[in-house]
Amino acid sequence: MNGGDDEDVVVVAASSGDQSPPLQWRFSQVFGERSAGEEVQPVDMISAIEFDHSGDHLATGDRGGRVVLFERSDAKHSSGGRRDLEETDYSVRHPEFCYKTEFQSHDPAFDYLKSLEIEEKINKIRWCQTANGALFLLSTNDKTIKYWKVQDKKIKKICDINADPSGAVGNGIVANGVPEALRLPVVVTSHESSPVAKCRRVYPHAHDYHINSISINSDGETFISADDLRINLWNLEISNQSFNIVDVKPEKMEDLSEVITAAEFHPTHCNMLAYSSSKGSIRLIDLRQSALCDSHSKLFEEPDAAGSKSFFTEIIASVSDIKFAKEGRYLLSRDYMTLKLWDINMDSGPVSTFQVHEYLKPKLCDLYENDSIFDKFECCISGNGLRAATGSYSNLFRVFGVSPGSTETATLEASRNPMRRHVPVPSRPSKLGSILAGGSESTAGVDGNSSNALDYTTKLLHLAWHPNENLIACAAGNSLYMYCA
């Protein structure tokens, strides 16, 4: 359903030195919106979102193990000449999507060797290269990765079966042996095509711990899967074996000091990948250096800040998600409190640090008691690399301008009225600039009141940016919201 006429979101004016004007975000579409008072079933909650490389398809996964596919439906497709991301002519039609199909990707299982239940929740979805008009994607739960093919197939129906309805075929036999009652040809008609999902391969039994990441290589032939302690390299065509390329498991588990939290292939260099850790570091590895990549080629971590450390320092430093920019030079990371932009050619520290919800710092003890401090927020970056987005509580998400000199920021709520609870615009852009540079932010909550007004049970963990347009898809419970600019 479309709601493009809703109110626009007011964003902070950019400084005169910015390369592009600030974007005016507005509500575009919503799928699966629940009515007031309707209770959301846990199995219906969205747990993964991913656009394909063309931006013409979008996939979501939920806690019930289902994958739902959406297809771009507006007349102007991105493959037919996309508009420039910085074009401000809003008369140009923005992308619109419609439901395509859904299928059950994973079912609950039980590991009898370890006496553990394996839930069906989809952790990650990644699109593969298309071929012969068919769509290919990988989906994974905690233990098993599956390779799916989705293709439109015409349904053929046989009609006008010209046989004797009495069943007396063969009563009259002519000289050539053909029953007199059977008349040929039989008429076969083709009806409208319908998308059909077929599981091509299953990649099981390769991880002792929960899979947190999968990533397709730019060569289109291999992919990686990562759990807390290991990263495995797979060939799409071989499902019964994988090659372990990273293993951080110590000889004694009591010596374990950090775990792998996310892993991602470089978008253009098939020999490079990055993975993050619970200590806030990101390691870049080169597959050409050695078969077992326990030693990294570059290490990205923020220098230790001066001042006292608390019990929560290491917890909030854990990186929950990383994303390469489209061209591959910059890397975006999200920890509990901040969003960081890294230049892979500069390992001395992040290029920029953006405070997502600094006003929660006084509430860390409460967040620890209700386990919210362990929430894993995802991040995404625009196709042109000028902006990034990540989620927060009360179904809020924030968009930051990450280009040099930009002070653009916007806070939206995943609802039909995204500016219902927006951050008050600071009176001086310089104050905002200090916030984006990593300075202290006001302790006021997102609605201008105290942070107690935030709802920690409604959290926007999953979102994705369209690869060619300024369109963000985000999940709020079981609902998929889209916003365009």
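1. The largest nonpolar core has 20 residues, and Trp 25, Phe 397 and Tyr 483 have the most contacts inside it. Such a core is a set of buried Ala, Val, Leu, Ile, Met, Phe, Trp, Tyr and Cys residues joined through side-chain atoms within 4.5 Å. Buried means under 20% relative accessible area (1.4 Å probe, protein chains only).

2. This is a predicted model, in which local features need pLDDT of at least 70 and side-chain atom pairs count only at pLDDT 80 or more, while totals for chains, interfaces and linings use all residues. Residues are numbered from 1 along each chain as its sequence is written, and side-chain values use heavy atoms, without hydrogens and water.

3. Strand E29 gives the most, with three residues.

4. The structure holds 24 aromatic pairs, that is, rings of Phe, Tyr and Trp (its six-membered ring) with centres within 6.5 Å. Tyr 393 and Tyr 456 form an edge-to-face pair (planes over 60 degrees apart), at 5.3 Å centre to centre and 80° between the planes. Tyr 393 lies in the loop between E25 and E26 and Tyr 456 in the loop between helix H3 and E28, so the pair ties together parts 63 residues apart in sequence. Tyr 393 is buried at 0% relative accessible area, and Tyr 456 is buried at 17%.

5. Glu 264 is found in strand E16 (residues 260-265). Glu 264 counts as buried, at 14% relative accessibility.

Key: Buried < 20%, exposed > 50% of the residue type's maximum accessible area, 1.4 Å probe, protein only. Helix = DSSP H or I, 4+ residues; strand = E, 2+ residues; numbered from the N terminus. Phe/Tyr/Trp six-rings, centres within 6.5 Å; stacked < 30°, edge-to-face > 60°.
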